Amino acid sequence: MNDERFAECMKAMSEGNRDALREIYEEYHSWLYSVVYGVLQQKERAEDVSADLFLRIWNSASNFKAGTGHRGYLATIARNMAIDELRKRKREVYLDGPDTEDDTETDIADDTPGPEAETVQNLSIQQALERLKPAEREVVNMKVLSEMTFQEISDTLGIPMGTVTWRYQAAIKKLRSCGYEQGF
Amino acid sequence: MSRDFESEYQQLIRDEAPDFWGAIEAKLDAQEKAKTFETVLEQPAVTAVQENTAAATEPAVIPFSAAQADTPAAAEETMLNRPVRKKSPVRWQLFALPAAAVLCAALILPVMLHSRNAMETSAPDMAAGSAVPQSLMTDGALYTAEANFEEAAEAATDAEESSGERQKNAKNSTREETTTDGAVVEEESVVALQPAAGEEKDDENAETDGELPSSLILNLRVSGDVPEDFKEILQEEYGLEIITYDKKTHEYSVRSVRELNPEEEEALEKALSENPYVEEIRREGKE
């Protein structure tokens with residue numbers, strides 16, 4: 001879908017045409033879901049936020065200005081909604097009880113060569129992801145799926161940017177050992 | 001063999017992406033219902049008025065008849081087509097405001113005017129016009145205030161005139177007696193005129209001090225041919241109050257109605273001694 005077709009769909013949506021929304025959904029729902037999932041990393045929450053995302057696109061159709069690059073427009077909305085949901089979830093977790101896990105110390109202390117140091121070329125993508133720590137996978141998801149910058153990831157997670165880059169480098173190291181040399 | 005992590009990972013997530021179009025449609029429907037409900041809530045009164053007006057001007061009531069009600073569908077259609085005559089709460093609201101205005105005008109305003117007039121009547125010295133702002137006055141209220149003010153002015157004028165007449169009468173009587181009986185009679189008339197003022201002063205002193213003033217008590221033996229109005233003469237001309245009168249001895253026991261200083265006592269005794277009917281004067285003392 002090019003920008004012109006997307007603009008036509010948005011105009012039709014502003015007039016109440018649900019078929020136009022359906023067309024955008026068929027084209028982008030999996031990609032937008034991956035962007036949301038990259039931030040939230042929970043399927044159920046990612047599905048809810050993705051549905052709300054298309055509702056917001058429907059409601060803001062009349063305010064859309066054509067020619068601004070619709071993919072960036074959609075990715076920005078998806079990312080912001082996912083980040084808002086993530087912050088809300090973190091507040092809820094904090095109200096339930098403070099998180100005692102200190103990922104930074106764990107990352108620095110865990111510098112000894114482990115099983116990930118072994119070169120395993122035949123692992124699937126899922127097996128490769130399972131070798132990553134949750135904190136590392138979080139950064140990788142935001143960077144690869146949601147196409148966020150390190151600064152954005154740092155601001156979203158509320159951790160120093162050095163920690164973000166540290167985790168990302170550690171994840172790349174493990175993924176390379178699994179045979180992935182590109183796409184970082 | 002080089003593998004692209006980004007493309008593989010994105011493809012994995014997209015393959016696993018669920019179909020949530022049903023959730024989107026459900027949220028859209030709920031949103032539209034909410035908007036419709038809000039729209040209905042925002043225009044309830046206007047809708048009711050329009051419906052009532054239409055019912056009054058367009059009697060498009062489809063009468064229900066048994067012939068049309070042969071089938072349940074026909075009967076249902078007839079019932080549905082029947083214009084719904086809602087019991088609108090607007091009607092009593094339309095009459096409530098004028099009724100409240102009438103009640104206010106009929107009950108509250110007269111009470112307020114009456115109370116205002118009572119206040120102005122009780123305090124006539126106050127400026128009636130300045131007591132109430134002119135902008136709040138009706139014509140009737142203004143007329144009443146002016147009338148009260150005029151009445152108060154007339155009453156004050158009458159009081160001044162009556163007091164002036166009293167003073168003139170007193171002066172005239174004094175002058176007349178002076179011209180006829182001489183200087184002594186003038187003193188007696190002055191003494192006789194003073195009891196009214198003296199009484200007031202005595203009353204004031206009694207109220208303030210709680211003690212009765214001491215008055216001079218005299219015993220007067222008069223001749224047997226005193227005139228009938230001798231008692232009035234004693235009271236009016238000499239300022240004496242008769243305590244007792246002995247018909248056999250023709251003796252009066254009198255006392256002055258106010259406290260007299262020694263000079264006044266001597267003047268009184270002298271005046272009495274010069275009275276042709278008084279034969280003897282005895283001072284009993286003071287009470």
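Analyst: Welcome! Two strands pair if DSSP finds at least two bridges between them, and strands (E, at least two residues) and helices (H or I, at least four) are DSSP runs, numbered from the N terminus. This is a predicted model, where local features need pLDDT of at least 70, side-chain atom pairs count only at 80 or more, and totals for chains, interfaces and linings use all residues. Residues are numbered from 1 along each chain as its sequence is written, with chains lettered from A and ligands numbered from 1 in written order.

User: What makes β1(A) and β1 of chain B a pair?

Analyst: They share two bridges, in the parallel sense, and at least two are required, so the two strands pair. Within β1(B), Arg3(B) stands opposite Tyr180(A).

User: How do you know which residues of chain A are in contact with chain B?

Analyst: Contact means C-beta atoms, placed from the backbone, within 7 Å. By that rule, 23 residues of chain A meet 21 of chain B. On chain A's side, α2 (18–40), α3 (43–59), α7 (134–145) and β1 (180–182) each supply at least two residues, and α2(A) gives the largest share, seven.

User: What makes up that side of chain A by class?

Analyst: It has 14 nonpolar, seven polar and two charged residues. Here Ala, Val, Leu, Ile, Met, Phe, Trp, Tyr, Cys and Pro count as nonpolar, Asp, Glu, Lys and Arg as charged, and the others, Gly among them, as polar.

User: Why is α2(A) called oblique to α3(A)?

Analyst: Their axes come within 9 Å and cross at roughly 135°. Axes are lines fitted to C-alpha atoms, for helices over the stretch in contact, with angles from 0 to 180 degrees between N-to-C directions. Under 35 degrees is roughly parallel, over 145 roughly antiparallel, 65 to 115 roughly perpendicular, and the rest oblique. The angle therefore makes α2(A) oblique to α3(A). Residues making this contact include Leu21(A) and Tyr25(A) of α2(A), and Ala46(A) and Val49(A) of α3(A).

User: Why do β3 and β5 of chain B count as edges of their sheet?

Analyst: The open sheet of four strands runs β3-β4-β2-β5 in chain B, with antiparallel pairing. β3 (240–246) and β5 (278–286) each have a single partner strand, so one side of each lacks a neighbour in the sheet.

User: How do you know that β2 and β4 of chain B pair?

Analyst: Five bridges join β2 (216–222) and β4 (251–256) in the antiparallel sense. For example, Leu218(B) has Val254(B) as its bridge partner in β4(B). Helix α10 (262–273) of chain B lies across β2, β4 and β5, at about 155° to β5(B).

How values were computed
Contact = placed C-beta atoms within 7 Å.
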